[in-house]
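Hello,

I am passing a structure on to you today, and my notes on it follow below. Please have the model open while you read.

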Amino acid sequence: MTTDHETASVKAAFEKHFGAAPDVVAYSPGRVNLLGEHTDYNGGFVLPMALRGLGVSIALGKGDKPGVIEAYSDTFDQTEVRKITDSREGRWSDYLLGCLKAVAEAEVAATGLRVALETTLPMGAGLSSSAALEVVSIKAALALYGREMSSVDVAVKARAVENDFVGMPCGIMDQFASSVGDPGVAMFLNTHTLAYELVETSPDYAFVIIASGVSHQLTEGGEDGYATRVAECQAACKALSIDMISDLGVDDLGRIKDLPSPLDRRVRHVVTDNQRVLDGVVALRDGDMVRFGELMVDSHRSQKEDYQITVAETDALVEACLSYGALGARQTGGGWGGSVVALVESGAVEAFSQRVLADFAKTSILAVT
Ligand code: GLA
């Protein structure tokens, strides 16, 4: 539920920029993923946690130019003006535009729209800034035009916008965690059926989220990136005559010997990380945080060696976190940098964080949850 506290600032920004009060305000959180990376577009399990206090807030008001969207972002200190009939242009306002087209094209064509946006989520930190922007845009537009949609359906719509309009072939984890999740509580989600359960984590331990200072940009093409991994998984499914990699369990791993490299390693990562989510949920329910930490370490190694989506900076940071006493640590999110999440005893968080900041000049502590 959105609180006044989360939207007071964006409301003020709207008033200052447009000289009138907005009609609606809304807020959606980012997420950290605890286990299960790149499993979501393979029909697998994930274990994200929506974040407290890190998210995107929006203020909307009807405009006076039919079909025209004037979007002001304090983050970019910029106004972008788009038409509801526009196509993707590779700008930040594409996310907003795609969402408005998906749920309120006719209404925006009739009324025009003024938008102010604020984010406390750093871009490129692997904490779902794009998904939070999509979810909040859809929820606010529905509220403005008096329409209802379930949080699950909002997540499904938001993912479709990112896949089809923005052109990023992501899974549903981020949009689902932002739209449906409860900040500070882990969410065990089956991305194939969309069945989910909230799972409490031990109050004696905290997850410390550390921005590595290396930014990723998953929508950028490049030789090797997110879309390459999606394509590799599709190729592996074809070669194995399966619909999705989550059709395989750890007992089926013998089958990967028939695959050419690197498809064998890609499948091994997805299958084992899927299993680590299941094992992690058991560990959380048993209050066995030592075991949970071990699973995080294994997950990082699998991301590094089998999925090859880590970078030297996040590898070094994970190693250092473990040497400073973390029970587990891993790169979180889409990959190629972003953030590391470390599991630390609550009483040790302060000293742990000081050591990270002292030894890694480019890092910052984004959240402790
Ligand atoms: C990005 C995508 C998600 C998911 C993660 C990796 O955050 O948006 O769908 O694939 O990467 O787990």
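**The sheet and its helices**

In strand S11, the bridge partner of Gln 331 is Val 340. Strands S10 and S11 (residues 339-345) pair in the antiparallel sense over 5 bridges. Here, strands (E, at least two residues) and helices (H or I, at least four) are DSSP runs numbered from the N terminus, and two strands count as paired if DSSP finds at least two bridges between them.

Before going further, please note that this is a predicted model, where local features need pLDDT of at least 70 and side-chain atom pairs count only at pLDDT 80 or more, while totals for chains, interfaces and linings use all residues. Residues are numbered from 1 along each chain as its sequence is written, and side-chain values use heavy atoms, with hydrogens and water left out.

Back to the sheet: it is open, has 4 strands in the order S10-S11-S9-S12, and its pairing is antiparallel. At the edges are S10 (328-332) and S12 (364-368), each of which pairs on one side only. On average, neighbouring strands of this sheet are turned by 25° against each other, direction ignored. Axes are lines fitted to C-alpha atoms, for helices over the stretch in contact, and angles run from 0 to 180 degrees between N-to-C directions.

Two helices pack on this sheet. Helix H9 (residues 312-323) touches S9 (205-211), S10 and S11, and its direction makes about 160° with that of S10. Helix H10 (residues 349-359) touches S9, S11 and S12, with a direction at about 15° to that of S9. Contact means heavy atoms within 4.5 Å.

**Around the ligand**

Which residues are around the ligand? Among them are Arg 31, Glu 37, His 38, Asp 174, Gly 333 and Gly 334; a residue belongs here if one of its heavy atoms lies within 4 Å of the ligand. By class, the shell has 4 nonpolar, 4 polar and 4 charged residues. Ala, Val, Leu, Ile, Met, Phe, Trp, Tyr, Cys and Pro count as nonpolar, Asp, Glu, Lys and Arg as charged, and the others, Gly among them, as polar.

An oxygen atom of the ligand is 2.7 Å from a side-chain N or O atom of Glu 37. For His 38, a backbone N or O atom lies 2.7 Å from a ligand oxygen atom. A polar side-chain atom of Arg 31 is 3.1 Å from an oxygen atom of the ligand. The protein covers 96% of the 310 Å² of accessible area that the ligand has on its own, by the Shrake-Rupley method with a 1.4 Å probe.

Asp 174 sits in helix H5 (residues 173-180). Leaving out residues up to four places away in sequence, Asp 174 touches Arg 31, Ser 128 and Ala 131.

**A hairpin and a cis bond**

S7 (residues 186-190) and S8 (residues 196-199) pair in the antiparallel sense over 4 bridges, and Met 187 has Leu 198 as its bridge partner in S8. Together S7 and S8 form a hairpin with 5 residues between them. Leu 194, in the loop between these strands, has a positive phi of about 65° although it is not a glycine.

Finally, a cis peptide bond joins Ser 261 and Pro 262, with omega about 5°. Pro 262 is found in the loop between helix H6 (226-240) and helix H7 (263-286). Most residues other than glycine have a negative phi, and most peptide bonds are trans.

Best wishes

Notes
A polar contact is a pair of N or O atoms within 3.5 Å; within protein, one must be able to donate a hydrogen and the other to accept it, and residues adjacent in sequence count only if both atoms are side-chain atoms.
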